[in-house]
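Hello,

Here is the structure I promised to hand over. Please open it first, then read my notes below.

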Amino acid sequence: MKISQTAVGKNVRLNRIFNNRSKKTIIVPIDHAVTIGPIEGLTNIKELMGKFTEGGANTIVMHKGLLRYSCFEHGNSLPVLLHLSASTALSPFPDSKILIGSVEEAIRLGADGVSIHLNIGDSSEGNMLKEVGEVITLAERWGIPVLAMVYGRGPKIKNPYSPDTIGHCARLADELGADIVKVNYTGEIDSFKRVVDACRIPVVIAGGPKLDSYRDILCMTHDSIKAGGAGISLGRNVFQANNPIKMLRALSGIVHQKWSVEDAVFNMEEPVEV
């Protein structure tokens, strides 16, 4: 059967986003400043991109304003997913995301894919669903991979980390035609395995707020991979780490080389040669 040119193009881009050997990915989102302002760790983007590259990140998520200059400064060495959603923490409706970019912009800017955010349970869920559907349809036409970030947030959501809620989020992205879905981690291997097993597309976990212990981050990553997860999408727990390069190397060992948590902790605590 002849494969369409758009399918070939999408596979080429997905092969950049995922590690060719492990078939998993380490995504670092740096889209936070639109929502909560220029937080710690997101000031010197040029320096940060260098650390991501050295540490072994596979892909970056960013808004178009950063993409227009930061990748040129660092030689565009990492694949980029252009983030198309936005809202601010100052809004009376912070969970209501709207489109602020397009698939065409992503193509013009040289991005390898797009990401879009959907909060199920929010009062504006209907509009977000509509926009996600439209983005996926257009991205499919151009062979552009779509990462759907899907969370349960709203009056009916009693626990956003409930396996049922997270399973719903993951399956929804699958059913709508996304290529990768980012969801919260359920907190345990067995329940997250059920989420992954019910979803035909790669499932990566969000990091959420910065955790106090890097061991907790490494454990969460290890357990999600053991459950069948396709990787991680950690922002603050990487760029706000005391040493983002060592953190990424430890995470890469777990995700791509099947390190144990203790192996990764040893890597974090090993003295830096001078």
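Start with E54. This residue is partly exposed, with a relative accessible area of 48%. Keep in mind that the model is predicted.

E54 has a charged partner. Its side chain forms a salt bridge with R249, and the closest N and O atoms are 3.4 Å apart. The pair links distant parts of the chain. E54 sits in helix α3, while R249 sits in helix α11, residues 244–257. The two are 195 residues apart. R249 is partly exposed too, at a relative accessible area of 39%.

Stay with α3 for a moment. The helix covers residues 45–55. Which of its residues are buried? They are I45, L48, M49, G50, F52 and G55. Just after α3 comes G56, which takes a positive phi of about 105°.

Now the other salt bridges. How many does the structure hold? The count is 12. Three further items stand out for a first look.

**R16 and D112.** Their side chains meet in a salt bridge, at 2.6 Å from N to O. R16 lies in helix α1, residues 5–17. D112 lies in the loop between α5 (103–109) and β6 (113–120). The pair therefore ties together parts that are 96 residues apart in sequence. Are the two partners buried or exposed? R16 counts as partly exposed, at 45% relative accessibility. D112 is buried, with a relative accessible area of 8%.

**D197 and K193.** This salt bridge has its closest N and O atoms 2.8 Å apart. D197 is exposed, with a relative accessible area of 53%. The cut-off for exposed is over 50%, so D197 passes it with its 53%. K193 counts as partly exposed, at 40% relative accessibility.

**K10, E140 and D179.** These residues are linked in a network of salt bridges.

If you have time for one thing, look at the pairs side by side. E54 and R249 link helices α3 and α11. R16 and D112 connect helix α1 with the loop between α5 and β6.

Best wishes

Technical notes. Residues numbered from 1 in each chain as written. Predicted model: local features only at pLDDT ≥ 70, side-chain atom pairs only at ≥ 80, totals over all residues. Heavy atoms only, no water. Buried < 20%, exposed > 50% of the residue type's maximum accessible area, 1.4 Å probe, protein only. Helix = DSSP H or I, 4+ residues; strand = E, 2+ residues; numbered from the N terminus. Salt bridge = Lys/Arg side-chain N within 4 Å of Asp/Glu carboxyl O.
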